[in-house]
Amino acid sequence: MERAVQNMSLENVESLMQVLGLQSDDSQVALSRFAQNLRKKRLERGLSQEKLGELSGVHRTYVSQAERAVVSISIDSIERLALALEARPEDLVGFETI
């Protein structure tokens, strides 16, 4: 992970943050926050799930699942969605990167 050769899921990032004492023990906080922020940003931009999928290179159903927090989303997918929304990944996830 430290060499950035493996694509982590948001759940793994959250678990690592909990172990390091950077986040509370509430499970799925980051995923729920990401889902809410993704939907909010998409609607602010006036995009359908299908259009966001096209712009980001992911399937529309994946966008739908991400907005409902039912998919284990990867850091790569977060970056692709953020780029398509002209947003920073940390704005979607809800915490700052170091």
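Predicted model: local features only at pLDDT ≥ 70, side-chain atom pairs only at ≥ 80, totals over all residues.
Local features require pLDDT of at least 70 and side-chain atom pairs count only at pLDDT 80 or more, whereas totals for chains, interfaces and linings use all residues. Residues are numbered from 1 along each chain as its sequence is written, and side-chain values use heavy atoms, with hydrogens and water left out.

The protein contains 6 helices and 0 strands. Its elements run α-α-α-α-α-α from the N terminus on. Helices are DSSP runs of H or I with at least four residues, strands are runs of E with at least two, and both are numbered from the N terminus. Of the 98 residues, 39% count as buried. Buried means under 20% relative accessible area, exposed means over 50%, and partly exposed lies in between (1.4 Å probe, protein chains only). Among contacts with a separation of 6 or more, 54% come from residues 24 or more positions apart. A contact is scored for heavy atoms within 4.5 Å.

Two helix pairs are described here. Two packed helices are described by the angle between their axes and the distance between the axes. Axes are lines fitted to C-alpha atoms, for helices over the stretch in contact, and angles run from 0 to 180 degrees between N-to-C directions. Helix H2 (residues 29-44) packs on H4 at an angle of about 125°, with the axes 7 Å apart. H2 is therefore oblique to H4. Angles under 35 degrees count as roughly parallel, over 145 as roughly antiparallel, 65 to 115 as roughly perpendicular and the rest as oblique. H2 contributes Phe34, Ala35, Leu38, Arg39 and Arg42 to the contact, and H4 contributes Val63, Ala66 and Glu67. By class, the residues of this contact divide into 5 nonpolar, no polar and 3 charged. Here Ala, Val, Leu, Ile, Met, Phe, Trp, Tyr, Cys and Pro count as nonpolar, Asp, Glu, Lys and Arg as charged, and the others, Gly among them, as polar.

The axes of helix H3 (residues 49-56) and helix H5 (residues 75-84) come within 8 Å and cross at roughly 110°. H3 is thus roughly perpendicular to H5. Leu52, Leu55 and Ser56 of H3 meet Arg80, Leu81 and Ala84 of H5. This contact has 4 nonpolar, 1 polar and 1 charged residues.

In H3, the buried residues are Gln49, Leu52, Gly53 and Ser56. Seen down the axis of H3, they fall within an arc of 105°, so they line one face of the helix. The arc is that of the directions from the helix axis to the C-beta atoms. The cover over the buried residues of H3 includes H2, H4 and H5. In H5, Ser77, Ile78, Leu81, Ala82 and Ala84 are buried. Their arc around the axis is only 160°, which puts them on the same side of H5.

The largest nonpolar core has 19 residues. Such a core is a set of buried Ala, Val, Leu, Ile, Met, Phe, Trp, Tyr and Cys residues joined through side-chain atoms within 4.5 Å. Phe34, Leu38, Leu52, Ala66, Ile73, Leu81 and Leu85 touch the most other members. H2, H4, H5 and H6 each give two or more residues to this core. H5 gives the most, with 4 residues. Beyond its neighbours within four places in sequence, Ala66 is in contact with Phe34, Ala35, Leu38, Val71 and Ile73.

Ala82 lies in helix H5. Its relative accessible area is 1%, so Ala82 is buried. Not counting residues up to four places away in sequence, Ala82 touches Ala87, Arg88, Pro89 and Leu92. Ala82 and Leu92 are 10 residues apart in sequence and 7.1 Å apart in space, C-alpha to C-alpha.

Positive phi values occur in the following loop residues. Most residues other than glycine have a negative phi. Ala69 has a positive phi near 60°. Ala69 sits in the loop between helix H4 (60-67) and H5. With a relative accessible area of 25%, Ala69 is partly exposed. Glu86 has a positive phi near 55°. Glu86 belongs to the loop between H5 and helix H6 (89-93). Its relative accessibility is 67%, so Glu86 counts as exposed. Gly57, which follows H3, also has a positive phi, near 80°.
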